[in-house]
Amino acid sequence: MLTTNPFDDDKLKEECGIIGIFGVEEAATRTVLGLHALQHRGQEAAGIVSHDGDDFHAHRAMGHVADNFSHHDVVGRLKGRAAIGHVRYSTTGETALRNVQPFFAELAFGGIAIGHNGNLTNAAAIRREMVKRGSIFQASSDTEVIPHLMATHLRGNVVDRLINALHQVEGAYSIVAIAKDMVIGVRDPLGVRPMVLGKLGDGYILASETCALDIMSADYIRDVEAGEMVILDKNGVTSLRPFSPAKHRFCVFEYIYFARPDSVMEGVSVYDARKRIGAELAKEAGVDADVVIPVPDSGVPAALGYAEGSGIPFEYGIIRNHYVGRTFIEPTDQIRHLGVKLKHNANRAKVNGKRIILVDDSIVRGTTSKKIVEMMRQAGATEVHMRISSPPTSYSCFYGIDTPERSKLLAARMDIQEMAEFIGADSLAFISLDGLYRAMGHTEGRNSKSPQYCDACFTGDYPTELTDQSTENVTQLSLLAEKSA
């Protein structure tokens, strides 16, 4: 099997995307639109659960949203004015239909479905104890512990039980849930993963990003705050604060790479943030060159910022083919090697004879950067300088982003000069951690105030306990960590 996105294979994979809609006609159809806008956050599977006032309706499938929700007979069965949806890239739990969300369960108070973006860092420990007490799990995703915890709490309504369950979990989560007559949204106390609230007519929408509101022509109201639970029902929007206040630690990689550039997160334009990061990178790591070239598509805004900050012209020196399928079957090594050019190709007219600066958002294993540098040299570049709009990724993420184990991260094994030699670049530089914070508005760098962001993948400063990484849970983790919500 040849993957036709060879450059994307070495990227940190997006987590998941979630939608929740209440009080809107054809809620499932709107949910499909929102999931299309969030497809970049999860491309392995998609699911929708709706409620028509009497019954729940669900459809879950492997693959892209367009592959599974384009037929009227599918969406038409998802009746009701309330729905939640989920697109998945797995970070815990195998890639299989049983792990596709939203998860649905019939509990003592009635049915509930849950979709989760993030990762619970004590799910394996909870699961192990619940299995000992007789719980039967159907999936291998961390998210499934939440309805189990709700089921074992014998007092209160659906909201009380969800709050009780979330008080027992650690890690990062933005969650949408649908029960009879309501949709619930909640962010973890640190606000690691994103969620916004919008309005459409007389109804309301929850989503991972504002671009999902845009595609539905919904109005953005505000971000759901860290540690906040919002309940959408016939009374409108009710806000609860069920958790103790904590320091805000929003994932800074949302600004660097994960979010769509046309989204606004925490009041900040993602596109503008990336341009500012690129401009700061030009200040910190300028080099004489003839042209600035982005690694498409995620490197484009930062490369524009770098070009403006350095005064060096911006050019598309790599052209991306957007019409290539995900995979095709081809057994020969020769054709497999040529497959690198299926999705990206050098624009020789802008590269040949030039000293170039390549701008990308990250280096993970380094295999992608090595291919890109080689491609540029084959196209006639006389010098190739690599500039990265994030600090070196030296630690694994345990909060809903699929990163390799630390031993496979290039920055955990090599210094910058060794990395430059490995990828074949004439020079390599990353934005500094302080530079990243300055670009995000912290004028004195990371220490100008208590850290506003989760930057653990750069620093190893994990903001929560990592219970499942402890020695006693290694056996259980092996069952879960084949690839969370």
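Me: In which helix of this predicted model is Thr-31 found?
Reply: In this predicted model, Thr-31 is found in helix H1, which spans residues 27-37.

Me: What makes Thr-31 count as buried?
Reply: The relative accessible area of Thr-31 is 0%, and buried means under 20%, so Thr-31 is called buried. Leaving aside residues up to four places away in sequence, Thr-31 touches Ile-19, Ile-21, Ile-48, Ala-83, Ile-84 and Gly-85.

Me: Which residues of H5 and H6 meet?
Reply: From H5 come Ile-146, Leu-149, Met-150 and Ala-151, and they meet Val-158, Arg-161, Leu-162, Ala-165 and Leu-166 of H6. The residues of this contact divide into eight nonpolar, no polar and one charged.

Me: How do you know that the buried residues of H15 are on the same side?
Reply: In helix H15 (residues 416-423) the buried residues are Met-419, Ala-420 and Ile-423. Because they cover an arc of only 100 degrees around the axis, they are on the same side of H15. Gln-417 and Glu-421, on the other side of H15, are exposed.

Me: What covers the buried residues of H15?
Reply: The cover includes helix H13 (367-378), strand E23 (383-388), helix H14 (410-413) and strand E24 (427-430).

Terms used. Residues are numbered from 1 along each chain as its sequence is written. This is a predicted model: local features need pLDDT of at least 70, side-chain atom pairs count only at pLDDT 80 or more; totals for chains, interfaces and linings use all residues. Side-chain values use heavy atoms; hydrogens and water are left out. Contact means heavy atoms within 4.5 Å. Helices (H or I, at least four residues) and strands (E, at least two) are DSSP runs, numbered from the N terminus. Ala, Val, Leu, Ile, Met, Phe, Trp, Tyr, Cys and Pro count as nonpolar, Asp, Glu, Lys and Arg as charged, and the others, Gly among them, as polar. Buried means under 20% relative accessible area, exposed over 50%, partly exposed in between (1.4 Å probe, protein chains only). The arc is that of the directions from the helix axis to the C-beta atoms.
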